[in-house]
Amino acid sequence: MMIDQIFTGCFHAGIGQEDLNNILTTVNMTEFSNSMWRARMEEIEIPVSKVATKTMQDALNEAWEGTLEIQIGQPHNTV
């Protein structure tokens, strides 16, 4: 549905309700109400947050494993 894509795009791009409503007004379309905006953002926030958390955790694990490989593979210089 196009409305879902609009809200998902706004969420990813960091576009707020006022900015989106200004764009819609410029192209002579109906603005989104506060309640509709909140409801849509709550719908997409949870799935997007889950994906972002998993991606971040995967990146941290990958970085940690790379750090361990470097520490194990190279002798430590002690003074």
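User: How many helices and how many strands does the protein have?

Analyst: The protein has three helices and zero strands, and along the sequence these follow the pattern α-α-α. Helices (H or I, at least four residues) and strands (E, at least two) are taken as DSSP runs numbered from the N terminus. The model is predicted, and local features need pLDDT of at least 70, side-chain atom pairs count only at pLDDT 80 or more, while totals for chains, interfaces and linings use all residues. Residues are numbered from 1 along each chain as its sequence is written, and side-chain values use heavy atoms, with hydrogens and water left out.

User: Where in the protein is confidence lowest, and where is it highest?

Analyst: The mean pLDDT (the predictor's confidence in each residue, from 0 to 100) is lowest in α3, at 79, and highest in α2, at 91. For the protein the mean is 80, and 82% of the residues reach 70 or more.

User: What makes arginine 40 count as buried?

Analyst: Buried means under 20% relative accessible area, exposed over 50%, and partly exposed in between (1.4 Å probe, protein chains only). Arginine 40 has a relative accessibility of 17%, so it counts as buried. Its place is in helix α3. Leaving aside neighbours within four places in sequence, arginine 40 is in contact (heavy atoms within 4.5 Å) with Ile3, Asp4 and Phe7. Buried residues make up 15% of the 79 residues in the protein.

User: Why is the meeting of arginine 40 and glutamate 43 called a salt bridge?

Analyst: The term requires a side-chain nitrogen of Lys or Arg within 4 Å of a carboxyl oxygen of Asp or Glu. Between the side chains of arginine 40 and glutamate 43 the N to O distance is 3.7 Å, so the pair meets that rule. The two residues are three apart in helix α3, which means a separation of about one helical turn.

User: How many salt bridges does this rule give?

Analyst: The count is two. Lysine 54 and aspartate 58 lie four residues apart in helix α3, about one turn.

User: Are lysine 54 and aspartate 58 buried, partly exposed or exposed?

Analyst: Lysine 54 has a relative accessible area of 53%, so it is exposed. Aspartate 58, at 37%, is partly exposed.

User: Why is the aromatic pair of phenylalanine 7 and tryptophan 37 called tilted?

Analyst: The structure holds two aromatic pairs. In the pair of phenylalanine 7 and tryptophan 37, the ring centres are 5.1 Å apart and the planes stand at 55 degrees. Rings of Phe, Tyr and Trp (its six-membered ring) pair if their centres lie within 6.5 Å; planes under 30 degrees apart are stacked, over 60 edge-to-face, and the rest tilted. The 5.1 Å therefore makes it a pair and the 55 degrees make it tilted. The pair links distant parts of the chain, with phenylalanine 7 in helix α1 (residues 2–13) and tryptophan 37 in helix α3, 30 residues apart. Both residues are buried, and ring pairs link Phe7, Phe32 and Trp37 into a cluster.

User: How do you know that the buried residues of α2 are on the same side?

Analyst: The buried residues in α2 are Gln17, Leu20, Asn21 and Leu24. They cover an arc of only 100 degrees around the axis, and therefore lie on the same side of α2; the arc is that of the directions from the helix axis to the C-beta atoms. The face turned away from this buried side carries the exposed residues Glu18 and Thr26.

User: What does glutamine 17 touch?

Analyst: Glutamine 17, in helix α2, touches Phe32, Ser33, Asn34 and Trp37, not counting residues up to four places away in sequence. A polar atom of the glutamine 17 side chain lies 3.2 Å from the backbone oxygen of phenylalanine 32. Glutamine 17 counts as buried because its relative accessibility is 19%.

User: What is the phi of asparagine 28?

Analyst: The phi of asparagine 28 is positive, about 60 degrees, although this residue is not a glycine. Most residues other than glycine have a negative phi. Asparagine 28 sits in the loop between α2 (17–26) and α3 (34–73). Its relative accessible area is 72%, so it is exposed.

Technical notes. Polar contact = N/O pair within 3.5 Å; in protein donor to acceptor, adjacent residues only side chain to side chain.
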